[in-house]
Amino acid sequence: MRGLLDETYLNTLCGHLAERPPARGAWLERARGWSSPPSDRCQGAWLKIVTSPHVLYEVAVDAGMPLPPGTGDTHPLQLVAQDNMLATTLAVYAALMPTAPGGEAHLAGGPSIGTIIGSLTKRGPTHAVTARATIREIARSGRPAMSRVVHDAGRARGSRVDLRTVAALSFAVAGSHRLQRLATNPTGHWPNALATEQSVWEPATEVIRDFTAAAQ
């Protein structure tokens, strides 16, 4: 797929998350089982649940989240990016919820997912090793990258995250082994990300920077 992805749904989802978190409910238990990566025959960093959109959308409705637009003639990489964004955002939220402060894991304007993963490096050598492995997979759009992000969220006990940063990251790495550049930034973070000659940015780069700062 040449050119940039259509970022309409990214902006819709982030706009929703700027105003409210996902609704709580029984769907949280289902989403906690979504940490599996795709089969080794697939390229890109996405979650296996993306191959079961009927399940994903059912859970998303229960969570009160906006659904992607109709498929129609949409390019497969666009569909994977949209569904992976929705799935990873919900899975990270579900992983954080059991130990989230005040019983709420999403905080608009709160730490980015890079900061959350970077903070794990200060919780002991085992956490440090797994967190650094996650960042390496993010940097290369490795197949297990989003799976590792979900697992690390579960290890980040007592944390809140701005899910908009999860959304942008998971949207931009899905479907291929190259990092996807974005032309909009609805995350509420990284205000200078678009200050480039090309006016595009890579969420993975900003997440890695936040990881590095938090790990120091």
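Modeller: Helix 1 and helix 8 run roughly antiparallel to each other (angles over 145 degrees count as that), because their axes cross at roughly 165° and come within 9 Å. Axes here are lines fitted to C-alpha atoms over the stretch in contact, with angles from 0 to 180 degrees between N-to-C directions. Helices are DSSP runs (H or I, at least four residues), numbered from the N terminus. This is a predicted model, where local features need pLDDT of at least 70 and side-chain atom pairs pLDDT 80 or more, while totals for chains, interfaces and linings use all residues. Residues are numbered from 1 along each chain as its sequence is written, and side-chain values use heavy atoms, leaving out hydrogens and water.

So who touches whom? On helix 1 (residues 8-19), Leu 10, Leu 13, Cys 14, Leu 17 and Ala 18 meet Leu 163, Arg 164, Ala 167, Ala 168 and Phe 171 of helix 8, contact meaning heavy atoms within 4.5 Å. Nine residues of this contact are nonpolar, one is charged and none is polar (Arg counts as charged; Ala, Leu, Cys and Phe as nonpolar).

Helix 8 also has helix 7 packing against it, through the buried residues of helix 7 (buried is under 20% relative accessible area, 1.4 Å probe, protein chains only). Among those buried residues are Val 149, Val 150 and Ala 153. Val 92 touches these three, and also Leu 163 and Val 166, among others.

How values were computed
Helix = DSSP H or I, 4+ residues; strand = E, 2+ residues; numbered from the N terminus. Parallel < 35°, antiparallel > 145°, perpendicular 65-115°, else oblique. Buried < 20%, exposed > 50% of the residue type's maximum accessible area, 1.4 Å probe, protein only. Lists of a residue's contacts leave out its neighbours within four places in sequence.
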